[in-house]
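I am opening this notebook to record, entry by entry, what I looked up and what I found.

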Number of protein chains: 2
Amino acid sequence: MLREVPADATANATNATSAASVTATPVLAPRRERKKRQTREALIHAALRLFDAKGYEHTAVREITDAVDVSERTFFRYFASKEDLALSFAKDGTDALLAALNARPAAEDPLTALRGAFRESLRVVTTDDPGGPTYLLVTKLIDSTSSLLAAYLRYMHDREDEVVRVLAEREGVDPVTDMRPRIVAAVFGSLIYLANREWRTEGGGGADAMLAAFDACVGQVGPALAGHWT
Amino acid sequence: MLREVPADATANATNATSAASVTATPVLAPRRERKKRQTREALIHAALRLFDAKGYEHTAVREITDAVDVSERTFFRYFASKEDLALSFAKDGTDALLAALNARPAAEDPLTALRGAFRESLRVVTTDDPGGPTYLLVTKLIDSTSSLLAAYLRYMHDREDEVVRVLAEREGVDPVTDMRPRIVAAVFGSLIYLANREWRTEGGGGADAMLAAFDACVGQVGPALAGHWT
DNA sequence: CCACAGTATGTCAGTCAATGACAGTTTGCA
DNA sequence: TGCAAACTGTCATTGACTGACATACTGTGG
């Protein structure tokens, strides 16, 4: 419906340059598809600009569609909701994470595989948006908008199931009776969030800084759960 | 059948003793207060009945207010939103949990204190609703309604901060620089959710069953995070 | 008992997100 | 070229939620 791109991970707002230089795209890129992608990108771009300027809740869908010059109805054909648009970046990141997790060598234990997949997804996200602080911006936006945060948490919660399935498969356990995959997935999700938050308050460096924050969180889990902290 | 319950000695130590013997000036409980509480209870009751019958999203606020014979506007003076009403039970449970956590002996380490507080909050919730399966009903409702689940997750996320503060205070660490309290709070939240889910699929016995499910989850955290599972 | 102040409720109008129905337009392809 | 499918726009409608204003009710003091 709103997801396509099976393996192609390069999808950002500035693909006009590539479209201009390359006349014929190998596989699929009829004009219709190009236009759709263009409209979608334009909507996202305009929306983020407006969200940044006036805040998510004070931006009407009407304003977004006016900026792109499409009807309000069209907006809801591209995005299931206003939240859906705002979370499109998070979706991309999660897609990358899951793809990377699936590609992780089987020898890695769950936590190592998750860390590696996270690192890989960071690479994709940052490569995707080379010149702009879009990732930081969206993250801040989500965390500062209660309705968006709710949608984000639910979305992550939903996709946790996929992580559970992959982990259970990798380790050869039953995802229904064995709760270890669910526990790891849940804890991992929390750690990602905490690391992100930490990284953001540190000023938000590159992917390395983020990964370092994540590792710091992982290292604190054991001490945090065991006895007193004195 | 549902809330109030002054619960633990936190906010009502002042009038609890005085109101017992003297009836001169009933500081709290005039007819107005009683009526308000009555309407609130009636709204919750009617709403849950309708939610159970037709589902949350297919129940209009109008139907709820019609069942209680108040105006739609009044509904939104009692509850910030439709979600707010549906989560009122979760709020009560969280209140009880935090109150209990505050009352935990200082000698207990964080995880033990959290477990004890959880046990206590379960006692409150089940005592509160002796004859009806309201807790089970609401839990199912939340988990089967995406918009409600989103609101629930955000609400829990918000209140996690309070848990963090209490834990940091108990252990004498800085809740800003030290991330252990945040980690424990986050993991605890996940475990509560997982235990609840497990308990529910098991048919939902008493508070003991729930606590057993929670303990089972806690016991799996270590094994789940350490190496392979084979 | 009355009057007054404060608060709860009702009514009304309006915004905004989201959806269904229908008509008009563009694109892909035979 | 011409047709079918896919996009898009327009219109109408639902439902959550809010602000403004009028109207009742309750508690208190005279």
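Which elements of chain A and chain B each supply at least two residues of the surface near DNA strand D? I found that they are α2 (31–54) and α4 (72–78) of chain A, together with α2 (31–54), α3 (61–68), α4 (72–78) and α5 (82–86) of chain B. I note that helices (H or I, at least four residues) and strands (E, at least two) are DSSP runs, numbered from the N terminus.

Before going on, I note that this is a predicted model, in which local features need pLDDT of at least 70 and side-chain atom pairs count only at pLDDT 80 or more, while totals for chains, interfaces and linings use all residues. Residues are numbered from 1 along each chain as its sequence is written, and chains are lettered from A and ligands numbered from 1 in the order in which they are written.

**DNA strand D.** I counted a residue as near a strand if its C-beta atom, placed from the backbone, lies within 6 Å of it. Of the 21 residues around DNA strand D, the nearest are Ser71(A), Arg73(A), Thr74(A), Pro30(B) and Ser81(B), and α2(A) gives the most to this surface, with four residues. I sorted the surface near DNA strand D into six nonpolar, four polar and eleven charged residues, where Ala, Val, Leu, Ile, Met, Phe, Trp, Tyr, Cys and Pro count as nonpolar, Asp, Glu, Lys and Arg as charged, and the others, Gly among them, as polar.

**DNA strand C.** I then looked at DNA strand C, which 21 residues surround, the closest being Pro30(A), Ser81(A), Ser71(B), Arg73(B) and Thr74(B). The largest share of the surface near DNA strand C, four residues, comes from α2(B).

**The two chains.** I found 30 residues of chain B in contact with 30 residues of chain A, contact meaning that the C-beta atoms, placed from the backbone, lie within 7 Å. On the side of chain B that touches chain A, α9 (146–171), α10 (180–201) and α11 (207–225) of chain B each give two or more residues, and by class that side has 18 nonpolar, seven polar and five charged residues.

**Symmetry.** I superposed the copies by least squares on the C-alpha atoms of residues with pLDDT of at least 70 in both. Chain B can be laid on chain A with an RMSD of 0.1 Å by a turn of 180° and a shift of 0.0 Å along the axis, which is the relation of a two-fold axis. In chain B, the C-alpha nearest the axis belongs to Ala150(B), 2.4 Å from it.

Terms used. Contact = placed C-beta atoms within 7 Å.
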